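These are my notebook entries on a structure that I examined step by step. I set down what I looked up and what I found.

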Amino acid sequence: MQSFNLVRANDRSAAIAAGAQSDTAQQGASVRFLAGGTTLVDLMKLGVERPEHVVDINRLGLADIRKEPNGDVFIGATARNSDVAHHPLVSGNYAALSQALLAGASTQLRNAATTAGNLLQRTRCMYFRDLASPCNKRAPGSGCSAISGANRSLAILGTSDACIATHPSDMAVAMMAYDAVVHVQGASGGRQIPLMDFYVLPQDRPDVENVLKPGDLVTHVTLPPRPAGERSAYLKLRDRASYEFALVSAAVAVTLSQGKIASARFALGGVGTRPWRVPEAESALVGQAPSEVAFRNAVDICLKGARPQSQNGFKVELAKRCVVHAFKQVTN
Amino acid sequence: MTSLGTPIAAVGDSYDSRTNITLRVNGREHKLAVDPRTTLLDCLREVLHLTGTKKGCDHGQCGACTIHIGGRRMNSCLALAAAHDGDEIVTIEGLGTPGHLHPMQAAFLENDAYQCGYCTSGQIMSAVALLGEPVGASDDDVREFMSGNICRCGAYLNIVKAIQQVRHGK
């Protein structure tokens, strides 16, 4: 591991000022915020992350989970994944989020990993983690080893000729289905970013993964209230029944009125370079009676433009079956 | 309070700064100056010589390094020691002693819940924590919530038995 200077931030402005010293908040950042460390320390050991300064943000009072006066649920940046999963405000009205969190990693990791860290976790593409392999995300311009290599677990949506890395988060998939908003404080003030607009597609710069700038500190995420009577679920399909990343996953949420779908949300994990949600696919469900045909039609819209690689063509059909199965679960 | 003086740098071959911390391990305080790169795992093993906690993968994938931090189980290989200044840490050495085994340690012995033993301290630390977590109590729940502890010998069957024996107080 490369040497670094470790500081514990005592207040947010100090953390933000330290972060603002970096040239980028993306791959290659010289300043990194440390929360649970389950991604950052791992990647620092591999040499993928080589920050000169690490700022411990664990004692900034950012771990709250509470209901806001406007009805939103507030989830602090350093709230641990376990605490979020088991919190009654989450497991009650946001079941898919609770299920997504508990389907990810192991208890030990969930006890350390945080909300913001999970949003910002890095791809598990093996070439990104292997310094001996060309990788445009880790070393821009070096090439993509995955397109002609082992790509079975990689993305079919949002890819480019430069990168096909899958976004690994389960939590972010459920949060996206629930219209989560990411709250950021930066050197020039605060801003709110809908999670739908938080991640950027790789295009020709896969080292840039989100809209964060140097000094930007994610302080919390808010989840707007859900419609009365909504049912939701997270279904994760993987090679192993536990402690494994998704091949395909789906967060679905639906309300029914007189036998017809009144509102629907769904997002896919394991298939995109970011959590994948297409509002037009959701709109197509509204007014329909729940049926396999209706669900398949919606997921077809969601998967439009899918570009399978040599080994992951199965993900197209698997994604369709995953969404259909999850919707059936919540509309029975 | 124990002061071990200048510790050995646990990882890396050069460093230009050290961080002064107090580690509270198994009820004892240790004032240390550590290289910021030092993980809790390396600090426990190489500096405090508490070698019951094992290094398996060193990347948070196998669970051999599981300890309790603030009463919760975590992978000590992914925790920087300096980020846990003052936190209450419990390792396998703090759970029981050869003459006074923790019930989970006794149950692992009784149920033959290990073979080579390398993963065992991590399994036991996870198992003890599991019984205090808000999850289900079935054998399937145990298997699910113990999935962060890998056993290459395949002692899983008896690990589940040992945990359920302690849960039911038999």
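**Entry 1: Chain A as a whole**

I began with the contacts in chain A between residues at least 6 apart in sequence, and found that 64% of them join residues at least 24 apart. I note here that the model is a predicted one.

I then looked up the secondary structure of chain A, which comes to 12 helices and 11 strands. Along the principal axes, the C-alpha atoms of chain A fill a box of roughly 60 × 50 × 35 Å. I next compared the radius of gyration with a rule: a compact globule of 332 residues would have a value near 20 Å, and chain A, with 19 Å, agrees with this. Of the 332 residues in chain A, 54% are buried.

**Entry 2: The open sheet of chain A**

In what order do the strands of the open sheet of chain A stand? I read the order as 4-5-8-6-7, five strands with antiparallel pairing. Strand 4 (65–67) and strand 7 (189–194) of chain A stand at the edges; each has a single partner strand, so one side of each is left without a neighbour in the sheet. From one strand to the next, the twist averages 25°.

I followed one pairing in detail. Strand 4 of chain A is joined to strand 5 (residues 73–76) of chain A by three bridges, in the antiparallel sense. Within this pairing, A:Arg66 has A:Phe74 in strand 5 as its bridge partner. I also recorded that helix 1 (residues 12–19) of chain A packs on the sheet, where it touches strand 6 (181–186) and strand 8 (217–223) of chain A. The direction of helix 1 makes about 115° with that of strand 8 of chain A.

**Entry 3: Helix 5 of chain A**

How many of the nine residues of helix 5 (residues 95–103) of chain A are buried? I found that nine of its nine residues are buried, and the helix is described as mostly covered. Among these buried residues are A:Leu97, A:Ser98, A:Gln99 and A:Leu101.

I then asked what covers the buried residues of helix 5 of chain A. The cover includes helix 3 (81–86), helix 4 (88–93), helix 6 and helix 9 (171–177) of chain A, together with strand 9 (231–237) and strand 10 (248–257) of chain A. After helix 5 of chain A comes A:Ala105, which has a positive phi, near 55°.

**Entry 4: A:Phe4**

I located A:Phe4 in the segment before strand 1 (5–8) of chain A. Is A:Phe4 buried or exposed? A:Phe4 is buried, because 24 other C-beta atoms lie within 10 Å, where 20 or more are needed.

I looked up its contacts, leaving aside neighbours within four places in sequence: A:Phe4 is in contact with A:Pro51, A:Glu52, A:His53 and A:Val54, and also with B:Pro36. For A:Phe4 and A:Gly19, 15 residues apart in sequence, I noted a distance of 14 Å from C-alpha to C-alpha.

**Entry 5: Where the two chains touch**

**Entry 6: Strand 2 of chain B**

I turned to strand 2 (residues 19–25) of chain B. Seven bridges join it to strand 3 (residues 28–34) of chain B, and the two run antiparallel. B:Leu23 stands opposite B:His30 in strand 3. The hairpin of these strands has two residues between them, and B:Asn26 takes a positive phi near 50°.

Strand 2 of chain B also pairs with strand 6 (residues 88–90) of chain B, in the parallel sense and over two bridges. Here the bridge partner of B:Arg24 is B:Glu88.

**Entry 7: The domains of chain B**

I read from the domain assignment that chain B has domain 1 (2–94) and domain 2 (103–167). Their centres, taken over C-alpha atoms, are separated by 23 Å. I found 13 residues of domain 1 in contact with 11 residues of domain 2. Strand 4 of chain B gives the most to the side of domain 1 that touches domain 2, with three residues. That side has five nonpolar, five polar and three charged residues.

Terms used:
Residues are numbered from 1 along each chain as its sequence is written. Chains are lettered from A and ligands numbered from 1 in the order in which they are written. This is a predicted model: local features need pLDDT of at least 70, side-chain atom pairs count only at pLDDT 80 or more; totals for chains, interfaces and linings use all residues. Two strands pair if DSSP finds at least two bridges between them. Helices (H or I, at least four residues) and strands (E, at least two) are DSSP runs, numbered from the N terminus. A residue is buried if 20 or more other C-beta atoms lie within 10 Å of its own, exposed if 12 or fewer, and partly exposed in between; C-beta atoms are placed from the backbone. Two residues are in contact if their C-beta atoms, placed from the backbone, lie within 7 Å. Axes are lines fitted to C-alpha atoms, for helices over the stretch in contact, and angles run from 0 to 180 degrees between N-to-C directions. Domain bounds come from an automatic or database domain assignment. Ala, Val, Leu, Ile, Met, Phe, Trp, Tyr, Cys and Pro count as nonpolar, Asp, Glu, Lys and Arg as charged, and the others, Gly among them, as polar. The radius of gyration is taken over C-alpha atoms; the globule rule is 2.2 Å times the number of residues to the power 0.38.
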